[in-house]
Amino acid sequence: MKRIIVLFSALMLSGILASAQDHSVKGRVTGPDGNSLPGITVQVKGSNTATATDSKGQFELTLPSNSTLVFTGVGFVERSVKVGTNSSLDVTLASTTTRLNEVVVTALGIQRTRNSLPYAAQQISGDDVNKTVTTNVVDNLSGKIAGLQITSSNAMGGSTNAVLRGFKSLTQSNQALFIIDGVPYNNSSITGNGIDFGSATSDINPDDIASISVLKGAAASALYGSRASNGVILITTKKGYNRKGVGVTASFGVSAGSPDKSTLPVYQTQYGEGYGSLGNYSGGGTPTGQNPFFLYFPIPGVNGGNVVPIVQTAFDAATGPAYDPSEMVYNWESFSPTDPNFHKPSPWEPAANHNPTDYFVTPVTTTESVLVQGGGDQGTFKFNYTRDDEKGYIPNSSITKNMFDFGATRNITKRLSVDAALNYVNENAKNRYIYQYTGGTNPMTDFRQWWPTNVDLKALKNDYFNSLTNATWNWQTGAYGSNALGNIGLPAYHDNPYWFAYQNYEADSRDRYTGHAKANYKITDYLNLSAGVTDDYYNQFIEQRNNIGSQATPYYTRQNISFNESNLNFLLNFNKNIGNNLNVKALVGGNVAKDQYTSIFASTNGGLLVPSYWSVSNSVSTPEAPTEVDEHKEVDGLFAGATLSFKDMVTLDGTIRRDKSSTLPSANNTYYYPSVSANFVFSKMLPSLQNWLSYGKVWVNYAEVGGDAPYYLVYNNYSINTPLNGQAIMNINTTNNNQNLVPEENKTYEAGLEMSFLNNRLGFTADYYHSVQSEEILPINVSTATGFNKFSVNGGSVQNQGVELTANITPIKTNNFSWNMTVNWTKNENKVLSLYGGQPSYEIAGLQNSIQIVAEVGKSYGIIRGTDYTYLNGQKVVDATGHYILSSNPLSDIGSVAPKWIGGLNNSFTYKNFTLSFLIDVQHGGQVYSLDMDYGSSSGIYPRNAGFNKNGKSIRAPLSDGGGYLQPGVTADGKPNSVLVDESDILLGNYTFSSAYGEATSQFIYNASYVKLREASLSYSLPKKLIEKTHFLQGIDLALSGRNLWIIHKFLPYADPEQGQAAGNASIGFQNGAYPTYRMMNFIIKANF
Amino acid sequence: MKKLLSISILFSLVLSACTKDLSTLNIDPKSSSEGLPSALFLQGEKNLSDALTSTSVASAPFRVLSQEWTENTYVYEAQYNFAAYQAPDNFWINLYVNALHNLDVAKQSFPIDFKGDAVTLRNDLDITDLLEVYTFYYLVATYGDVPYSQALNTKYPFPIYDDAKTIYSDLFTRVDSCIAGLNTTEGAMGSEDQIYGGNTTEWLKFAASLKLKMAMLIADEDPTTAGQEVTAAMQTGVFTSDADDALFSYDPGSPGNSNPIWQALVLSGRHDFGPTNILINTMVGWNDPRLPLYFQPTATGSYVGDVPGAGNGYDPSSVSDFSAQLQAPALQGDLLDYSEVQFYLAESVERGFITGSAATYYDNAITASIEFWGGSASDAATYLAQPAVAYATATGTWQQKIGYQEWISFYNRNWESWTVIRRLGYPDLDVVNPPVGAHGNLPLRFTYPTKEVTTNPTNWAAAAAKIAGGKDVVSAKLFWEQ
């Protein structure tokens, strides 16, 4: 870090100094509509001298006479203009609705025109992702890039997965690599104790993004080495610009949300809390004539000491007594000392406030941002400050973020220039949402799995705040007689959700510094040398707590994490025209990447001594030694590349990289990645067709990529554990490591076609790719009779092939009105070709209810396995008693997480200063297992677990009363089932819902398809004439937008099919405690001064 | 030029980085690359004790299978349903990965840099091997055919399953080899053995008692071998008092090293279990002096149990809770004890393997159990004097008499209490007290782990085909179950 700060300070100082130049030119750049274009790069051809236009589209530059200026900008056709000796120059740029001659940022930040791009790369502008307020800008890429699958979390500050072209690795990360101005960003998420601490990309400041370029295939990203094997998302931030004075852009955004009700549970309201006829078995039994679904105990001082009917509060299930408001019973409130109903009965009926929305609060996020840009002849600078305040929808949850970005460039001599940037992000979070099943502490698992409707959330809130105790709806039976003010029992399973939010919240903070410093030296007009360093460093501090009075053993834990990645780079570039028709580009470079992750975790042991005192020393037993992690790695790379372009029509490209990684055994730690690419702009051969064929290009490429291993898979390790009676204990770790590992291999080829028609009003890009990842390094599951759970091996190969399609249509274009449509469509087919040792399947994740997510040879990655029914002609088979017959294989294939295709449709309408756009995001196919629906069915909370049968009787009424449930299916001879099954008393086994009681887990597999109105925005720029009257304002933009506005179509009941489990390979396909989707409405105002 | 110079320095730095040796970076500074044999031994010994002491329905649901305990709310295992928590997977992992593997690595490491003499080394190896044999006994008696000849060997990531009877015969050979090898004139390891502190005389008695225990399992199936092994065990010398008991000392000062029962019932704050009506009613009916040693009375001072298989809830005021001594963090893990040995000897008399009085052994066994839990000799005498308890007058065959009493004595020997029912047929739970909502009869074995089905499918399928009935189900009889 230090070296960046030093260099950065030097730059800021030197930027103040100015020196004279021979010839100066001023000018203004306008678009096809005559409006000024800010942020256009103006470069002297064949030199380093460059600037950018200011907010009025103006520039000023000193340059040698007879120079040529090149004007480039995202969304506009590149244009070269000879300056001669002119001192003023006005230039109009044509917009590239089809982005044909647009400059694309490619690997190592090298800009290329479309004509010379022999691989798939898609670029969008910063405006495309910062129209709506999100705390992780990567969420806003959803539906906008063909081939990119984004899965984001509905939890505050949760992780976002970004996977390009399908899952390639069975066990290692499949996340695309993010590179921001040359600084690699590790997008791995941090999780712990069921909490998702978010992915590091949430530290990217959306307001600072100029453009995002997505390099999808191996050929495009080969120069970055193995870490880029999952594709690269290159983010270029805004630069300062050269103008008199400084430009200031200030913006303010606010967003607030409301829950999408279709992603929240709906409950049955016929039956309340309890577990069948327990009254018959518990305590003194059920008094004659009374309902055995209640308990009967005497409560001291109540009803003269005679037994009273009590709700089975220890049972977090709705398989209890039928509601009947005429029955007066002792509900959970009757044992909560500060409740108005303490020791009083109340009518047996659903509570008024039993829905999760009665617990949630309105989430509000505000964002303030100031961007200052400026510079002089000799350099530019920018400074951006953004502050986010996010309040989550779970009570007492919040995230505050402060982001500072500095960047500067400086031309020291004609030949030497330097640039540097330093970003600092500080984040503080409180009460992040738990995503895992943690037994009564995750409010969403409570609401979706164990929530009887006789529980009133308002009462829980009042009881918590009135007593500041864990006044719960889930009392142990023993609490009925003993609960008194100041002395209440512990819950059976579930804390009061308010107790949990205010007493047991986690808190964390992170300070992150990223930066780069780079020097560029122009040796000759065709040879350029650059060298620099980048650094990404963060410190994170996480505290978790569980106060005395909670159901679980009280604890306090703290974890300190630090991460550092540094890169040392050099790059020598050659670029020369040979003759009139041939351009030769070549490069040689090197990179040393080092990273280190360390953490230390300490916890109290056996409980807390004193309540609300948050220190590891506040421990009942001696705390165990802290857990330490220290992972470090170095990869040294050397690379070279050459590009030949003939007449800007045919381009041949070849690269080679050699990496040496510390995570592989010395004998096998060096590996190579070659790539070759070619393209042909065939429309140049067909000038006669240009009336209708505006552009046509084909490309093909082939690349091989190597890959290294995760940390420490070569040598076997032993762990030392807490001593027992003073004696050392040590265990051998459960993974058998491997001193013969070799690098992973990936071979990819790609072919593409890009065409546009009718003056670029209609265009498309289509490509096909085929990649095979082999020699995958994975900890394969072995028979545990080996004494190990896993062996580290090379084994497994996975194929991905697919088609990506992007189309642009401009159906209407007039002076004042235009309508643009963009369609992105991706179909990826994944296939596991082979696995280590001829194994038929590999378990990616083993989940609750014996659900497995596996890779199975011959099938796509992510097959869901569980129990299934037996079928006859596609119908479930029942036995003579009307019960389903389950398949004898408990690991039947019951679903697949892989979508058939994904797509996005963006429509944008512009009328004068108004722009209206909306994005529809589609996933077709893919499946998800809902533990929520399975567990919730076992506790009988959903409408499917109650209701009425064809006799008009409740399905839970005894068969003798006409009740019973007809399981849809056929008998062994194919006749429709007509035998009702008894659902009247779960305690006696008369209950069939859920995989715990007679249904297969396949019952809870749902189609994960969706159609969503992801974004809609209306923006308005105040007319220039109005603005100019103010004399200091240069522009005001207003935008009103919404995110996740409407799930137009889905199959999964009561939840968002996109919601997963944090991040990583096993995060999709399984829902547990799914957080609801919130419709977020945003308003942003942006002013330029 | 200076800038050029600095750039070229950077350039050469990058180049030199490409030639250096990076492999040292790949050594985890926070793990040990060497294993200390005595520390590995203790880990294996502790993990073995944990596996057998555990109350977890996810790995050791034996207490609820034998109906000594039942589940309060989430009733799966008490109804013989293992799908939810996969006990067969985790019991297997506890034995192979957590116990056997550490013992085996210790066994391989002991000879390296050994400081003592050859005799001590041999003693250390024999003690370790005895614990391995003991562990394999549980595997074979729980699952049937299991990986053995290719187990614990990295050459075989997917080992074959060996025939259970063949393994069993080899286990006897290994015990004999340990008995021959243990030299009681010299010591072995010290406090790293938290059962006997390396006392070779005690380990020799343990070896003999283990042999007796193993013989009892096959007494119906192969009475000839069983009889021979019992005689041989008697000659070597089995446990003669509770002082010989194989008890693992937990560390109450460290929650993770405390007795797993305390961890599950006290530390966790959960109340997942209650005692059953059948156990409590049987003990109440016979005025068992162990009642207050096993349980706490309810608010009204009586002893009341839960209904197996029903969701009973937790209410210590109306249903008995577990006794304080059962829930003590320092309670020792019981691997083999004198009471158990005396029951086996009573059985051996009835089976004609040895001569003597079955009644005497029966009385000794019950007296030892009562004293073990803190009762007195006179409590035991009073108890045994009752006609319903006295060996001569108690109801039923010798299997029923011994079965019921062994079941009560095995209150905290959860796998044994399940196995006594499998061996002797008593208490005949399927008849006298089938759980509410039971999925079939009492399981006679564990199915193979689902993880074996997915990772080792070929060898699993071959083993499954050999099971009686050809299916990997809990109702299939193992080779010794007649």
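**Group meeting: a walk through the two-chain model**

Okay, let's start with rings: over all chains, the structure holds 92 aromatic pairs. By that I mean rings of Phe, Tyr and Trp (its six-membered ring) with centres within 6.5 Å; planes under 30 degrees apart are stacked, over 60 edge-to-face, and the rest tilted.

Before I go on, some housekeeping. This is a predicted model, where local features need pLDDT of at least 70 and side-chain atom pairs count only at pLDDT 80 or more, while totals for chains, interfaces and linings use all residues. Residues are numbered from 1 along each chain as its sequence is written, chains are lettered from A and ligands numbered from 1 in the order in which they are written, and side-chain values use heavy atoms, with hydrogens and water left out.

Back to the rings. A pair of aromatic rings is described by the distance of the centres and the angle of the planes. Take A:Phe360 and A:Tyr393: they sit edge-to-face, 5.1 Å centre to centre, with 75 degrees between the planes. This pair links distant parts of the chain, 33 residues apart, with A:Phe360 in the loop between β25 (346–348) and β26 (364–376) of chain A, and A:Tyr393 in the loop between β27 (379–391) and β28 (398–411). When I name helices (H or I, at least four residues) and strands (E, at least two), those are DSSP runs, numbered from the N terminus.

Are A:Phe360 and A:Tyr393 buried or exposed? Both are buried. Buried is under 20% relative accessible area, exposed is over 50%, and partly exposed is in between (1.4 Å probe, protein chains only).

One more ring: A:Tyr505. A:Lys430 lies over its face, 5.6 Å from the ring centre, and A:Arg545 lies over the face of A:Tyr505 too, at 4.4 Å. The test for that is NZ of Lys or CZ of Arg within 6 Å of the ring centre and within 35 degrees of the ring normal.

Of its 49 lining residues, the closest to the centre are A:Ser888, A:Pro890, B:Asn81, B:Ala83 and B:Thr447. Which element gives the most to this lining? That's α7(A), with 3 residues. By class, the lining of this pocket has 23 nonpolar, 20 polar and 6 charged residues. Here Ala, Val, Leu, Ile, Met, Phe, Trp, Tyr, Cys and Pro are nonpolar, Asp, Glu, Lys and Arg are charged, and the others, Gly among them, are polar.

The second largest cavity holds about 230 Å³ of space. Among the 20 residues lining this cavity, A:Gln149, A:Gly166, A:Phe167, A:Asn828 and A:Pro899 are the closest to its centre. β46(A) gives the most to the cavity lining, with 4 residues, and the lining divides into 11 nonpolar, 6 polar and 3 charged.

On terms: on a 1 Å grid over the protein atoms alone, a cavity is a set of points where a 1.4 Å probe fits but cannot get out, a pocket is an open set with protein on both sides within 12 Å along at least five of seven lines, and lining residues have an atom within 4 Å of a point. Points are joined across faces, edges and corners, and a volume is the space filled by probe spheres set on them.

Over to chain B. B:Ser66 is in the loop between α3 (62–65) and β1 (69–71), and it counts as buried because its relative accessibility is 0%. Its side chain has a polar atom 3.3 Å from the backbone oxygen of B:Arg63, and a polar contact of 3.2 Å joins the side chains of B:Ser66 and B:Ser417. A polar contact is a pair of N or O atoms within 3.5 Å; within protein, one must be able to donate a hydrogen and the other to accept it, and residues adjacent in sequence count only if both atoms are side-chain atoms.

B:Thr142, in helix α5 (residues 118–143) of chain B, is also buried, at 0% relative accessibility. Its side chain reaches the backbone oxygen of B:Tyr138 at 2.5 Å.

Last, some backbone. B:Tyr426 and B:Pro427 are joined by a cis peptide bond, omega about -5 degrees. In chain A, phi is positive for A:Leu758, near 50 degrees, and for A:Asn759, near 60 degrees. A:Leu758 is partly exposed, at 48%, whereas A:Asn759 is exposed, at 69%.
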